[in-house]
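Biologist: I am new to this structure. Can you show me how to read it, one feature at a time?

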Amino acid sequence: MQQTRVDQGLPYYERFVAAFPKIEDLANANEDEVLKLWEGLGYYSRARNLHFTAKVVANELDGTFPDTHIGLLELKGVGPYTAAAIGSICFGLPVAAVDGNVYRVMSRYFGITESIDETATKKQITDLANEVLAKQYAGNHNEAVMELGATVCSPANPTCGECPLQIRCKAFTENIQSELPVRSKKTKVRNRYFYYTVRVCNGEILISKRGAGDIWQGLYEFPLIEVDSRLEELEIIKLLNLSSTEVVFNVSSEFKHILSHQRIYAKFILIKSGSFEDSKFMKVKVKKMSDFAFPRLINRYLETQNLVIVEEV
Ligand code: SF4
């Protein structure tokens, strides 16, 4: 559920467990199938890590999920927070789960004025969270603090009047709730400019699978030209190197897609092609596109554009 609201994630969760009711079902699935079920939810490394971990649990751990903190931490995609959350909620392990909400609650409750972006402060807060943990009810305690952070001790305008921690809360006592937690690092946002060429020929289009080392690994996309700055329509068309059998049908308006550290500005150039000879991309029928998982950005475009229309005029 990283960076995901429960109401947004729940239908995905339900479809996921219906498709893979047992860990062996997930372990035996292929990656395209897993990503298709995750399509549109973002943070796709979660799906790939779940898939990888299912294979480890099914094949190397005899289908038994680890029930120790160290065993949990060895699973791919499971960091200290997730290990503590699973360990305490599922197995009653006495470990505090410290996510962004808990950093906020703890820094206010204990009046910590050092930046929570510093490793030393994170450690201090994690130690304090473990000290105050009701060890015999660790799962409930962790869920309660996370929930308090999500609903009462919110980033802006915490509703201290409804908070059960109010009497001992340092930030409330000193009226410095709005100043805590202190953050020192500003997230750097990178702007990226994507120009997708959507070539259509005899009811087929060209797509490719995105590789490792960037966003959307394992998802599909149209042939992409990425540049560092926004281009004018004529500049884009020049870059395309159109063959004599190709005609630009239209250029979409700009789609903006925001990720946690990136802003993507994308345009789609719809092209009527005479042939796809010698193409290094996959040819697929437009009607079969729904078998493939695309990033939400591309699906937003597909919701606005009928691709086969180029062949009907
Ligand atoms: Fe947060 Fe206010 Fe509760 Fe303190 S009293 S923990 S600032 S909601």
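Predicted model: local features only at pLDDT ≥ 70, side-chain atom pairs only at ≥ 80, totals over all residues.

Biologist: Start with the fold. How many helices and strands does the protein chain have?

Modeller: The protein chain has 12 helices and 8 strands. Its C-alpha trace spans about 75 × 50 × 30 Å along the principal axes.

Biologist: What share of the residues is buried?

Modeller: Buried means under 20% relative accessible area. Of the 313 residues in the protein chain, 43% are buried. The accessible surface is about 17800 Å², and carbon and sulfur atoms account for 52% of that surface.

Biologist: Now the ligand. Where does the ligand sit?

Modeller: The ligand sits in the largest cavity.

Biologist: Which residues surround the ligand?

Modeller: Four cysteines are among them: Cys-153, Cys-160, Cys-163 and Cys-169. Arg-108, Val-152, Pro-158, Gln-166, Phe-172 and Gln-177 also belong to the surroundings. By class, the shell holds 7 nonpolar, 2 polar and 1 charged residues.

Biologist: Last, one residue. Is Arg-190 buried, partly exposed or exposed?

Modeller: Exposed means over 50% relative accessible area, and buried means under 20%. Arg-190 has 45%, so Arg-190 counts as partly exposed.

Biologist: Where is Arg-190 found, and which residues does Arg-190 touch?

Modeller: Arg-190 is in strand 1, which covers residues 190–201. Leaving out residues up to four places away in sequence, Arg-190 touches Glu-226, His-261, Gln-262 and Arg-263. Glu-174 is 16 residues from Arg-190 along the chain, and their C-alpha atoms are 38 Å apart.

Key: Residues numbered from 1 in each chain as written. Heavy atoms only, no water. Near = heavy atom within 4 Å. 1 Å grid on protein atoms, 1.4 Å probe; cavity = no way out; pocket = protein on both sides within 12 Å on 5 of 7 lines; lining within 4 Å. Sits in = over half its atoms within 2 Å of the grid points. Nonpolar A, V, L, I, M, F, W, Y, C, P; charged D, E, K, R; others polar. Helix = DSSP H or I, 4+ residues; strand = E, 2+ residues; numbered from the N terminus. Buried < 20%, exposed > 50% of the residue type's maximum accessible area, 1.4 Å probe, protein only. Areas by Shrake-Rupley, 256 points an atom, 1.4 Å probe, with all protein chains shown as cover. Contact = heavy atoms within 4.5 Å.
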